[in-house]
Structures are given as C-alpha cells and as structure tokens.
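Biologist: I would like to learn how to read aromatic pairs and a helix in a model. Could we go through one case step by step?

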Amino acid sequence: MMKFLGIVGSTSDISFNRILLKYIQRRFDDKFELQLVEVKDFPLFNQDIPLEEVPLVSAVARKIEAADGIIIATPEHNHTISAALKSFLEWMSSDVHPFDGKPVMIVGASYFAYGSSRAQLHLRQVLDAPGVNAVVLPGNEFLLGDVKKAFDDFNNLKDPGTVKFLENCLDNFVRFVKIINQVADKNYVEKDVSVWDEELPNIEVDVISGASESY
C-alpha cells in the first residue's frame, strides 16, 4: 500500500485542516497509509542555525523522501499560506531538499466560501521554486469552504457530494503518484520505508519567539 505524508499547515490547536487530514486518514485507509506531520512543531526558519541543532528537520526530511507522495493541507492567512507553513518549507529547501521530484497534492479548509483558493495558488508557486521543486498534482483543487458547517459531531464530512469529489481527487493523486514515480525510475511498491515508523524528535517551541529549546 502507498505511504503518504500529510502536512498540517496550521498552528492552531483546533485546526480544520488537521481535522480534514485526519478524516482523509481514516476514511480512505483502504487506498493508502497517511501519516501526519505538524508544522507547529518546527521553530522559525533561521539559515544561521546548523541543521544538526534542529534534528526534527532531518527526521521529517527522511520521512518525506520515504513517502510515495505528500498531501499538504493549508489554511489561508491574509490571502496566502501561514507563516509556519512557509517556514517549514524553508527548512525543507535550504540544506535538505526532500521535496525534489516528490508528488504533492494540495487541499485546504477555510471559514470562507473560497476555501483557501488564494493560499493554494501561492503554495503551488512556492512548491515550484528552485530548492523545493515538488511535482504538484494539476487541477483537482479541493477547496473546503464554510468549514465550520462542513463536519458533523464525529468530524466526518457531512455532504456526500463533497466526500465523492474528495475521493475522486485522491484517486487521481494515487494515479499521479504512480506515474511520477515510474517516470523518476522509482519502484513505488518496494520503496525503502525503514524510517517510516521512526519517532520524531520532540522539540519544545516558544510560540512567541518561534525558538526551540535547541537554541
């Protein structure tokens, strides 16, 4: 079964983008395995900090490299992605480059009707930048608007049409991943995933300064 890594692009304790990824994780577990990573666990990017002082960066980079594909759930802050998600991508494109050639799907949830559309557009541009160089699934824009009304009391999507559209997008992503990995001459079935079950380092981050206890 394919292994995907889900990136929670919000720092909020109650994040609908996290809820969306967890819904995908349990609702479509017959299609792929999805493991989540939180951008809120990372300190603010600082190019003067040696990589060995932030072990979480290397650990997550290894998981990205081991994953068949990545699903990023982004909120929209002032017409763009969150500062924490941008900082995370800076970590992942400075000394390490795990997104290079990696298939990525973007989803997003928002309180407003447009469902993080502008943030998703900006994120596509960031993922295309030199140093990141991800291969983003074209089209298939899953924009979950009015998100406060979208989930039931069990955090399941209520509208059957929305669930079906999400499933179609995910099925397209699975096919996309197969094609991209085959073009890259990778065996997506027998990929070495020895790091998949590794525990991530636990770094306490100061929510005000963004600094970790490592520095």
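This is a predicted model: local features need pLDDT of at least 70, side-chain atom pairs count only at pLDDT 80 or more; totals for chains, interfaces and linings use all residues.

Biologist: How is a pair of aromatic rings described?

Modeller: A pair is described by the distance between the ring centres and the angle between the ring planes. In this structure the count comes to 9 aromatic pairs. One of them is F4 with F32, at 4.7 Å centre to centre and with 35 degrees between the planes.

Biologist: Which parts of the chain does the pair of F4 and F32 link?

Modeller: F4 belongs to strand 1 (residues 2-8) and F32 to strand 2 (residues 32-38), so the pair links distant parts of the chain, 28 residues apart. Both F4 and F32 are buried. They also belong to one aromatic cluster together with F173 and F176.

Biologist: What kind of pair do F16 and Y111 form?

Modeller: F16 and Y111 form an edge-to-face pair, with centres 6.0 Å apart and planes at 80 degrees. F16 is in helix 1 (residues 16-27), while Y111 is in the loop between strand 4 (103-109) and helix 4 (117-127); the two are 95 residues apart.

Biologist: Are F16 and Y111 buried or partly exposed?

Modeller: F16 has a relative accessible area of 19%, so F16 is buried, the limit being under 20%. Y111 is partly exposed, because its relative accessible area is 46%. The face of Y111 has K148 over it, at 4.7 Å from the ring centre.

Biologist: What span should helix 1 have?

Modeller: The 12 residues of helix 1, at 1.5 Å a residue, should span 16 Å. The expected span uses one less than the number of residues. The end C-alpha atoms of helix 1 are 16 Å apart, so the two values agree.

Biologist: What caps the N-terminal end of helix 1?

Modeller: S15 does, with a side-chain oxygen 3.2 Å from the backbone nitrogen of N17.

Biologist: What do the buried residues of helix 1 pack against?

Modeller: The buried residues of helix 1 include F16, I19, L20 and Y23. The elements that the buried residues pack against include strand 1, strand 3 (69-73) and helix 5 (160-183).

Biologist: Where does K178 lie?

Modeller: K178 lies in helix 5. With a relative accessible area of 33%, K178 is partly exposed. Its C-alpha atom is 9.4 Å from that of G69, although K178 and G69 are 109 residues apart along the chain.

Technical notes
Residues are numbered from 1 along each chain as its sequence is written. Side-chain values use heavy atoms; hydrogens and water are left out. Rings of Phe, Tyr and Trp (its six-membered ring) pair if their centres lie within 6.5 Å; planes under 30 degrees apart count as stacked, over 60 as edge-to-face and the rest as tilted. Helices (H or I, at least four residues) and strands (E, at least two) are DSSP runs, numbered from the N terminus. Buried means under 20% relative accessible area, exposed over 50%, partly exposed in between (1.4 Å probe, protein chains only). A charge sits over a ring if NZ of Lys or CZ of Arg is within 6 Å of the ring centre and within 35 degrees of the ring normal. Contact means heavy atoms within 4.5 Å. A polar contact is a pair of N or O atoms within 3.5 Å; within protein, one must be able to donate a hydrogen and the other to accept it, and residues adjacent in sequence count only if both atoms are side-chain atoms.
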